[in-house]
Amino acid sequence: MEPFRRLEAVAAPIDLPNVDTDRIIPARFLRKAPGPGYERYCFHDVRYDGEGRERPEFILNQAPYRPARILVTAENFACGSSREAAVWALMANGIRCVIGPSFGDIFFENSFKNGALPIVVDGALAARLRAALHAAPGASMTVDLEALVFTGPDGATHPFQVDAFRRECLLRGQDEIALTLSHEDDIRAFEARQAQEMPWLEVKT
Amino acid sequence: MSAPGLRTLFQKIWDRHVVRSGPGDWSLLYIDRHLLHEGATSAWNRLAKGGRRFRRPERSIATPDHYTSTDPAGALSPEPEIRAMVDKLMASAPGQHVTLFRVGDARRGIVHVIGPEQGFTQPGITLVCGDSHTATHGALGALSFGIGSSEVEHVMATQCLWQRRPKAMRVRVTGTRPFGVAAKDVILGIIARIGAGGGTGHAIEYAGPVIAGMTMDERMTVANMSIEAGARSGFMAPDDTTYAYLEGRPYAPKGDLWAKALAYWKTLPSDQGAAFDRDVEIDASELLPTVTWGTSPETALPITARVPDPSSAADAGRRAGMERMLGYMGLTPGTPLAEIRVDRVFIGSCTNSRLDDLRAAAAVARGRRAVVPAWVVPGSGLIKQAAEAEGLDRIFRDAGFEWREPGCSMCVGINGDTAKPGERTASTSNRNFEGRQGQGVRTHLLSPAMAAAAAVTGKLTDVRALGPA
């Protein structure tokens with residue numbers, strides 16, 4: 001996993017609440033393996049028309065926002081399906097950080113596993129940031145995970161919180177499976193205890 | 001805070017599964033059961049690439065459901081990319097010694113239907129699946145939740161997951177369900193009340209007399225849609241209904257082990273006075289047969305209502321959201337919901353494809369005639385057999401409904417089963433998102449009885465108002 005430390009990039013506002021992961025990547029693309037061309041699946045059905053032409057009204061199709069690597073969203077962004085492909089599709093477009101008032105719980109987890117950073121902010125602040133990004137198309141923001149501070153398009157800085165364990169994993173690009181396997185003794189002890197106390201959970205094959 | 005020592009159902013299950021506490025408020029949690037479908041291709045690939053093995057393969061069951069066709073002519077799609085998803089699972093599971101219910105095996109079906117049906121799902125366990133509707137298994141008093149494919153790979157290799165304890169929400173459903181109000185109407189009513197993000201960061205315990213009075217199939221419908229309220233897990237306390245359902249199922253404990261398990265299960269319900277971070281009460285007496293009008297499950301309204309007006313929205317953001325939804329759905333504010341014509345009906349999905357659901361739909365279809373294409377997709381091969389044994393397939397066929405093979409079908413629309421662009425469906429599934437049932441398809445969520453009523457009238461219909469057949 002690629003570590004995440006500091007990101008300075010153009011930010012784009014997404015105003016719609018309850019953007020579901022089906023919208024971020026329609027289900028028919030879930031059978032495609034990540035690789036060249038994957039970026040096209042991101043927001044596909046709202047980004048392209050039936051003939052595959054860009055819809056000019058979609059924000060990431062507008063010139064100033066094209067290089068965006070940060071999204072500022074409305075509430076409950078990426079709700080719905082557990083598809084990790086929603087994170088892959090955003091990342092294939094360069095998006096590494098999403099700032100919003102709330103996120104789908106599974107998307108939130110999936111982001112950290114892939115080196116992307118979701119930041120939860122107050123709803124009023126998210127609305128102000130989105131308005132500022134509309135007012136200054138192509139404005140940049142800076143997200144500093146080491147300092148736990150991001151800078152808005154107006155240059156104002158805002159502290160944010162990320163759970164310490166997740167932050168460590170992101171900063172280091174930690175392989176979680178390797179970390180877990182380092183606790184083999186604990187897992188084995190748990191399994192022995194469970195076999196004793198809850199023997200009905202053993203499955204005979 | 002609760003008095004010391006008082007614990008919720010959730011806390012009891014959680015505490016029994018902590019392998020290791022820390023760092024911080026993280027726990028390494030042991031996972032008792034894992035369900036796999038074809039969607040985890042990348043997890044299988046990474047596991048193989050890392051040279052890793054399943055830690056406890058006997059604790060997983062794999063089955064194709066998302067990418068199989070429900071066409072009686074054959075489950076395997078002629079489309080190579082779709083078929084490859086099924087083939088990949090078929091090729092991967094045996095090499096890791098994972099039990100596989102193949103195409104042609106009557107035990108095959110939707111993962112969230114077959115786990116309980118096989119007794120693989122049990123009270124007091126932790127269960128995960130790479131699918132957001134995994135909360136379904138909470139109906140049996142299990143702690144179950146959906147995970148992404150990185151976490152799927154993690155469970156494959158370690159049988160554990162790093163988790164932080166979510167907040168606890170209790171939703172008590174009181175009163176008495178009026179005639180015609182199904183479990184689907186109860187959960188849609190709950191989602192409408194707390195919102196599509198209302199349960200985010202929470203685990204929901206469903207409680208109260210209406211939940212206690214539900215059959216297991218009904219409880220599964222309720223728990224299934226927890227994610228539609230934002231909650232990864234939702235569950236209800238196990239009780240005699242649960243035990244009667246489980247006893248004798250293939251993976252359920254037998255003999256002495258059953259007695260031991262039962263003694264443990266009876267300790268699971270939340271202690272009187274245990275604290276919840278949030279308590280919600282819904283009076284079922286106030287519910288009516290329900291449909292959704294928009295592209296979020298929270299847009300649920302009684303069938304007697306009208307399409308809402310965006311000018312009534314609380315703020316500009318909400319108003320824009322409503323306008324977008326009405327535009328996609330092709331609806332005009334003020335239209336009575338019961339006047340909305342539909343092009344197609346789908347009865348199925350992990351929400352509503354069990355025997356109780358098929359019986360409820362058949363009771364409406366009996367002696368009537370579908371006026372639009374209407375599919376009935378049982379949740380598993382065993383449900384299909386049981387339904388046929390009591391003649392439900394005959395009732396549906398005589399009424400002009402199509403009786404199909406088990407699978408996720410038109411709920412997810414990635415297996416060849418989709419509606420056509422612009423078509424409007426009445427669907428017993430769980431999501432009405434844009435494009436969910438096919439590009440440009442407009443989905444109205446409702447109960448099996450309401451879906452059957454829509455099939456025989458060609459419009460969204462108050463099932464209570466249907467005259468004699």
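Two residues are in contact here if their C-beta atoms, placed from the backbone, lie within 7 Å. This is a predicted model, in which local features need pLDDT of at least 70, side-chain atom pairs count only at pLDDT 80 or more, and totals for chains, interfaces and linings use all residues. Residues are numbered from 1 along each chain as its sequence is written, while chains are lettered from A and ligands numbered from 1 in the order in which they are written.

**View 1. Chain A meets chain B.** The contact brings together 44 residues of chain A and 57 residues of chain B. On the chain A side, two or more residues each come from α1 (21-24), α4 (105-113), α6 (164-172), α7 (176-181) and α8 (184-197) of chain A. Helices are DSSP runs of H or I with at least four residues, numbered from the N terminus.

**View 2. A closer look at the chain A side.** Here α4(A) gives the largest share of the side that touches chain B, with five residues. Sorted by class, this side of chain A holds 19 nonpolar, 10 polar and 15 charged residues. Ala, Val, Leu, Ile, Met, Phe, Trp, Tyr, Cys and Pro count as nonpolar, Asp, Glu, Lys and Arg as charged, and the others, Gly among them, as polar.

**View 3. The two domains of chain B.** Chain B splits into domain 1 (9-278) and domain 2 (290-460), with bounds from an automatic or database domain assignment. Their C-alpha centres lie 24 Å apart. Domain 1 of chain B puts 41 residues into the contact, and domain 2 of chain B puts in 39 residues.
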